[in-house]
Amino acid sequence: PHYDQNEKIFLVHNGIINNHSEIKNKYLSDVNFRSETDTEVVAQLMGKLKNEGHSIYESFRIMETYLNKDSKWGIVLVDQDDPNKLYTSTREQPILVGFSPK
């Protein structure tokens, strides 16, 4: 999984964020990235929105407005402040979550 710079938001992503470079330059210029992936851009953006006081639900809604219409994703996110919940967002990509009794 990728995570934000505060290591509070962890997520996995299936898909492609076509405008991830634009989002990175416009909204995340103050963030130190560990990779060049579109997935980390989403993790960092979600962490930044949460740090600004938005709920995870609100952060997803805002994040979705930043992604261009050609982007497709399936995202599963865990917030370290509430690790017993999984949050998801999808556009034209499947999400499959499995649970183990352990």
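This report walks through one predicted protein chain, from its overall build down to a few single residues.

Since the model is predicted, local features need pLDDT of at least 70 and side-chain atom pairs count only at pLDDT 80 or more, while totals for chains, interfaces and linings use all residues. Residues are numbered from 1 along each chain as its sequence is written, and side-chain values use heavy atoms, with hydrogens and water left out.

**The overall build**

Let's start with the big picture. The chain holds three helices and four strands, and their order along the sequence is β-β-α-α-α-β-β. Here helices (H or I, at least four residues) and strands (E, at least two) are DSSP runs, numbered from the N terminus.

How does the radius of gyration of the chain agree with that of a compact globule? For 102 residues, a compact globule would come out near 13 Å, and the chain has 13 Å, which agrees. That radius is taken over C-alpha atoms, and the globule rule is 2.2 Å times the number of residues to the power 0.38. Along its principal axes, the C-alpha trace spans about 40 × 30 × 25 Å.

Buried residues make up 37% of the 102 residues. Buried means under 20% relative accessible area, exposed means over 50%, and partly exposed is in between (1.4 Å probe, protein chains only). Contact means heavy atoms within 4.5 Å. Of the contacts with a separation of 6 or more, 49% join residues 24 or more positions apart.

As for charge, the chain carries 12 positive and 15 negative side chains, and the centres of the two sets lie 3 Å apart. Lys and Arg count as positive, Asp and Glu as negative, and His and the chain ends are not counted. Each charge is placed at NZ of Lys, CZ of Arg, CG of Asp or CD of Glu.

**Aromatic pairs**

A pair of aromatic rings is described by the distance of the centres and the angle of the planes. Rings of Phe, Tyr and Trp (its six-membered ring) pair if their centres lie within 6.5 Å; planes under 30 degrees apart are stacked, over 60 edge-to-face, and the rest tilted. By this rule, the chain has two aromatic pairs.

| Pair | Centre to centre | Angle of planes | Kind |
|---|---|---|---|
| Tyr-3 and Phe-10 | 5.6 Å | 40 degrees | tilted |
| Tyr-27 and Tyr-66 | 4.1 Å | 0 degrees | stacked |

Tyr-27 sits in helix H1 (residues 20-27) and Tyr-66 in helix H3 (residues 56-66), so this pair ties together parts that are 39 residues apart in sequence. Tyr-27 is partly exposed at 25%, and Tyr-66 is partly exposed at 25% too.

**A buried Asp**

Is Asp-38 buried or exposed? With a relative accessible area of 12%, Asp-38 is buried. You'll find Asp-38 in helix H2 (residues 38-51). Leaving aside neighbours within four places in sequence, Asp-38 is in contact with His-13, Gly-15, Ile-16, Ile-17 and His-20. Asp-38 and His-13 are 25 residues apart in sequence, and their C-alpha atoms are 8.9 Å apart in space.

**Two Glu residues with positive phi**

Glu-7 has a phi near 55 degrees, a positive value in a residue other than glycine. Glu-7 lies in the loop between strand S1 (2-3) and strand S2 (9-16), and is partly exposed at 40%. Phi of Glu-92 is also positive, near 60 degrees. Glu-92 comes in the segment after strand S4 (87-91) and is exposed, with a relative accessible area of 59%.
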